[in-house]
Amino acid sequence: MTTLPSDYAQRVYAGWLGKCIGVRFGAPTESLWYKDIKTLFGELKYYLQTDPRLFHPDDDLTVPLLMLRTLDDYGDDPPVARFGDVWLNTIADGRGTLWWGGYGISSEHTAYMNLQAGIPAPLSGAIATNGPVIAQQIGGQIFSDTWGLICPNNPARAAELAKRAAEVSHDGWAVHGAMFIAAMDAIAFSAKNVREVIEGALKHIPADSRYTQVAREVMAFYDANPTDWHACYDWIYHHHGYHHYPGHVHVIPNAAVCVMSLLYGENDLVKTMQIGNMAGWDTDCNVGNMACTVGIMRGIASIPDAWRSPLNDFFTLASLTGSRNMMDVASAAREFIRHGHRQAQLPEPAPQARYTWEFAGSTQGWVTINSGLHVQRLAEIVSVAQTNDVTGAKGALRLTAADFFNRRQMGAYTRTYIRPAELDGNNYQGTFSPSIYPGQTITCRIMAHPNALPDLIANVFVKNGNLAANDETSLVQSPGLKLIPGQWQSITWRIPPMIGACLSQAGVLVTCHHAAKANEAVYVADFDWGGKPDFSFDFSRERIETNGSSQWTYLRGFWSLEGDAYVGSGVGQNESYSGDIAWRDYTAFANLTPINGAAHMLLARVQGAMRSYALALLPDKLALLKNNHGYTEVASVPFEWAHGQAYTLVLVVNGAELVGSCGDVTVRWHDDAPYLSGMIGLANQRGCRTAFRAVGVGA
């Protein structure tokens, strides 16, 4: 057992925040060379990204968080092969998450197809399998900040976990790069400067590696020319530029840029990012890695607010778990912190609410309500800030209003669903499911400022995004709570069951009923939701978004909306998912019509493409199946069914017990090694076509 730094949580948050900022800063110049950037933009000082929409999903942020699933699914010391299993479990076939540049072009695309073909990790990414060009591109290092974040001051352990994760898709110098990045992040928790970070990390990769040699060459150039990074870049270009290495994104030129930007950045996060971005090549990856390292080393105070505010602490992912594809920096940091405790053989931190605002300056993605909702009763008078003044809380969200006019409202909300049109782009084909559902219960604490007037009424609410913004019924609110100034009060509200809803926002509204004018502040703490959902989909209200139904992700197949039906078909195991992986005991149901083929399925406790349960219409029977890297029939009863007829399947999951039924026919099974939580899903197999209607979950 080891100890963790006293400021561990704050440094993790700062590191991941730096990573998110760096990726966003570098994204517009990705693949451009120095001369192109200089000609097009001059010296890069700030974000080029001016689109007000949400920043798009990116592999640099998605894959590191997916890789943590390996430790949850297979323990804290998993072998390389298990990291490959998580690729197959969490990544859609040929879309989302990765750069699908082609087999033999993209390292990740090549590795995924190898895994799918039964070539396990580390062979899936090995030089022996794919050759030295594909195996030694940049991907190994861009996903490796994870391991340094969960192994503070333990670079050897961070490098070992990075090695295993990187070997799914890479080998050779690329794996050394992954180990180097992870070790740097681990060392940054206690290092005083970047030179100490670099020197320490190089001890954890082979001394005769080209990666080590190039890093030391850049360090030597810096020592001789410590004031001119442009000269250093010119030296890198002539000795280690892209034109010296085969492939599209070789690791070595980018490694040189990373070391250069750290050294010439002189321990300053913004300067480090600016140099790394100006240097070109794989800019979002390089700048993200370096900003993570410096963020850890320097802490939250080193990150100017001007770089934080455009993010609003919010980012998106592209994975099969659509409800977790909306993330905030604090929630991601908590995942790293939880695993950091486990790696140190310490108890995990106590569970806490989704939104606690405990990190300085963190909004956790919350947005002010100043337009859109009952606009005739709202004014643009609301600001949001994280604070802990006067509250006595570890953290709280402060809502403030100047000239709070009679019967006006202020408030804030968090996004609980995203439509692709809200993104500034979607190259990684992110798909989303709501993170909150009808039937679940919202809880929070709320307090009016001690000096507030005793005339404030608070509600929590959800918004149904399947209704027009100006539809009065789109906003569903809890009963009003009259606030007592200076006193924390609790709200607990169960969202009513609904049919055909898409809950896109959850938040707080505060209304002033009497005061003509007032300057008010209200604090919100420990905002959360949970419990069993109770809802059903009406597919006539949904729309196609990123080639599947809104609110659903999909693994593979062709999925379409036809009237009130969600129709799936394809040439493999075709699956589509909704809900959340934290759902435990529930009843899933679906009305389905088998149109063609011999296998039509309702899924429950879906933890990904390789872990789930199914209730299926198979030839002449109703069967329960368990998916453990492939479906196995575990129980069945005779059942005659026919194409073109509708059947209602009901699957109850309760602890280790599964009960499936169709009409009066029931099949049961007890799983001695059960999956205890997961999403719902719809599926069929090769050559099948199925129409699904009235799909839902009951308590």
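Q: Which helices each supply at least two residues of the lining of the second largest pocket?
A: Welcome to a predicted model, where local features need pLDDT of at least 70 and side-chain atom pairs count only at pLDDT 80 or more, while totals for chains, interfaces and linings use all residues. Residues are numbered from 1 along each chain as its sequence is written, and side-chain values use heavy atoms, with hydrogens and water left out. Helices are DSSP runs of H or I with at least four residues, and strands are runs of E with at least two, numbered from the N terminus. At least two lining residues come from each of helix 3, helix 5 (107-116), helix 8 and helix 17 (283-298).

Q: How much space lies in the second largest pocket?
A: On a 1 Å grid over the protein atoms alone, a pocket is an open set of points with protein on both sides within 12 Å along at least five of seven lines, whereas a cavity is a set where a 1.4 Å probe fits but cannot get out; lining residues have an atom within 4 Å of a point. Points are joined across faces, edges and corners, and a volume is the space filled by probe spheres set on them. For the second largest pocket, that space is about 470 Å³.

Q: Which residues that line the second largest pocket are the closest to its centre?
A: The second largest pocket holds about 470 Å³ of space. Of its 27 lining residues, the closest to the centre are E30, S31, W99, D282 and Y428.

Q: How many charged residues does the lining of the second largest pocket have?
A: Ala, Val, Leu, Ile, Met, Phe, Trp, Tyr, Cys and Pro count as nonpolar, Asp, Glu, Lys and Arg as charged, and the others, Gly among them, as polar. By class, 11 residues of this lining are nonpolar and nine are polar, while the charged ones number seven.

Q: Which helix gives the largest share of the lining of the largest cavity?
A: The model has four cavities of 30 Å³ or more, and the largest contains about 70 Å³. Its lining numbers 13 residues, with V63, G140, F143, A165 and A166 nearest the centre. Helix 3 (59-74), helix 8 (139-142) and helix 10 (155-166) each supply at least two of the lining residues. The largest share, three residues, belongs to helix 10.

Q: How many residues of the lining of the second largest cavity are charged?
A: The second largest cavity has about 50 Å³ of space. Among its lining residues are R95, T97, S319, Q429 and Y554. Four of the lining residues are nonpolar and six polar, and the number charged is one.

Q: Which side chain meets D145 in a salt bridge?
A: A salt bridge is a side-chain nitrogen of Lys or Arg within 4 Å of a carboxyl oxygen of Asp or Glu, and the count here comes to 34. D145 sits in helix 9 (residues 145-149) and K19 in helix 1 (residues 8-26), so this pair ties together parts 126 residues apart in sequence. Buried means under 20% relative accessible area, exposed over 50%, and partly exposed in between (1.4 Å probe, protein chains only). At 2.7 Å, N to O, the partner of D145 is K19.

Q: Is D85 buried or exposed?
A: The side chains of D85 and R82 meet in a salt bridge of 3.0 Å, N to O. The two are three residues apart in helix 4 (residues 80-90), separated by about one helical turn. R82 is partly exposed at 31%, whereas D85, at 17% relative accessibility, counts as buried.

Q: In which order do the seven strands form an open sheet?
A: Two strands pair if DSSP finds at least two bridges between them. The pairing in this sheet is antiparallel, and the order is 18-21-30-23-24-25-26.

Q: Which residue of strand 30 is the bridge partner of L603?
A: Strand 23 (residues 600-608) and strand 30 (residues 679-684) run antiparallel and are joined by five bridges. Within strand 30, L603 has as its bridge partner G681.
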